[in-house]
Amino acid sequence: RYCRGRNIDIIDEDDFPLNVAEMLQTLGKVALEGLKVHRHLFDVSEVSSDSHDAELLLRLGMVSRAVTVSKCHAREQLSFQHRTMQEFLAARYIVNSHNCTQAVIQALLPSTDASLEYRTLVQFLCGFNEHAATIVFQQLCMLYNGCLKDLREEYYNIAFVGPLSERIRTYNDFI
């Protein structure tokens, strides 16, 4: 529907190049770097060294074309159709580039806020393979155990004042 609306020819099997996997890896790397700095517009040169490759990504529906608003330095840019597409390609890049290590996931998810911000990326990572899911869950457990420990101590100090029977019931409700 998007392609018809923009008069973009839909790709045939005969036109499908062999280097699509490489192009998707490059696009995934760009997507990941863009997510880290909250960027969704990319110059064509960042995504592909060949304008034919950029045209193929447009025809596949992975990205859409945008033109900068600058009249002096107008240039063509590409953007992902939706942030979810950007997150999917970033997760694919992490898993397929053999970069799914504990260090990479810790850098990507250093805090509970980051885990919430990248929750869709995390879901895609867990869906790709068991190894990625294991590493992600280990990191999330470390983050949330520390967070919950602080909350439990704070809750204990505030809520457990009063008769012993009331404190036990309150604690059981908390657990």
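**A loop residue to start with**

Asn19 counts as partly exposed, since its relative accessibility is 27%. Asn19 sits in the loop between helix H1 (2-5) and helix H2 (20-36). Asn19 and Asp53 are 34 residues apart in sequence, while their C-alpha atoms are 9.3 Å apart in space. Please keep in mind that this is a predicted model.

**The nonpolar core**

- The largest nonpolar core has 39 residues, and those with the most contacts inside it are Leu27, Leu57, Val63, Leu108, Leu109 and Leu125.
- At least two residues of this core come from each of H2, helix H3 (44-47), helix H4 (51-60), strand E3 (76-80), H5, helix H6 (102-108), H8 and helix H9 (130-159).
- H2 gives the largest share of this core, with 8 residues.
- What does Val63 touch, leaving aside its neighbours within four places in sequence? Val63 is in contact with Leu27, Leu57, Leu58, Leu78, Ser79, Phe80 and Gln81.

**Helix H5 and Glu87**

- H5 has 14 residues and reaches 20 Å from its first C-alpha to its last, close to the 20 Å expected at 1.5 Å a residue.
- The buried residues in H5 are Gln86, Glu87, Leu89, Ala90, Ala91, Arg92, Tyr93, Ile94 and Val95.
- Just after H5, His98 takes a positive phi of about 60°.
- Not counting residues up to four places away in sequence, Glu87 touches Leu35, Glu117, Thr120, Leu121 and Phe124.

- In helix H8 (residues 119-128), Leu121, Val122 and Leu125 are the buried residues.
- Which exposed residues does the face of H8 turned away from its buried side carry? That face carries Arg119, Gln123 and Gly127.

**Aromatic pairs**

- The count of aromatic pairs comes to 3.
- Phe42 and Phe80 form an edge-to-face pair, at 5.7 Å centre to centre and with 85° between the planes.
- This pair links distant parts of the chain, with Phe42 in strand E1 (residues 41-43) and Phe80 in strand E3, 38 residues apart.
- Phe42 is buried at a relative accessible area of 2%, and Phe80 is buried as well, at 8% relative accessibility.
- The rings of Phe88 and Phe124 have their centres 5.3 Å apart and their planes at 80°, so this pair is edge-to-face.
- Phe88 in helix H5 and Phe124 in helix H8 are 36 residues apart, and their pair links distant parts of the chain.
- Phe88 is partly exposed, with a relative accessible area of 30%, and Phe124 counts as partly exposed at 25% relative accessibility.
- Ring pairs join Phe88, Phe124 and Phe128 into a cluster.

**Salt bridges**

- How many salt bridges does the structure hold? The structure holds 3 salt bridges.
- Side chains of opposite charge can pair when their charged atoms come close.
- Arg83 and Glu87 meet through their side chains in a salt bridge of 3.0 Å, N to O.
- Arg83 and Glu87 are separated by about one helical turn, because they are 4 residues apart in helix H5.
- Arg83 is partly exposed, with a relative accessible area of 35%, whereas Glu87 is buried, with a relative accessible area of 3%.
- Lys36 and Glu33 form a salt bridge between their side chains (3.9 Å, N to O).
- Lys36 and Glu33 are 3 residues apart in helix H2, so about one helical turn separates them.
- Lys36 is partly exposed, with a relative accessible area of 42%, and Glu33 is partly exposed with a relative accessible area of 42%.
- Glu46 and Arg39 form a salt bridge between their side chains (2.6 Å, N to O).
- Glu46 is partly exposed, with a relative accessible area of 33%, and Arg39 is partly exposed, with a relative accessible area of 32%.

Notes:
Residues numbered from 1 in each chain as written. Predicted model: local features only at pLDDT ≥ 70, side-chain atom pairs only at ≥ 80, totals over all residues. Heavy atoms only, no water. Buried < 20%, exposed > 50% of the residue type's maximum accessible area, 1.4 Å probe, protein only. Contact = heavy atoms within 4.5 Å. Core = buried A, V, L, I, M, F, W, Y, C linked by side-chain atoms within 4.5 Å. Expected span 1.5 Å × (residues − 1). Phe/Tyr/Trp six-rings, centres within 6.5 Å; stacked < 30°, edge-to-face > 60°. Salt bridge = Lys/Arg side-chain N within 4 Å of Asp/Glu carboxyl O.
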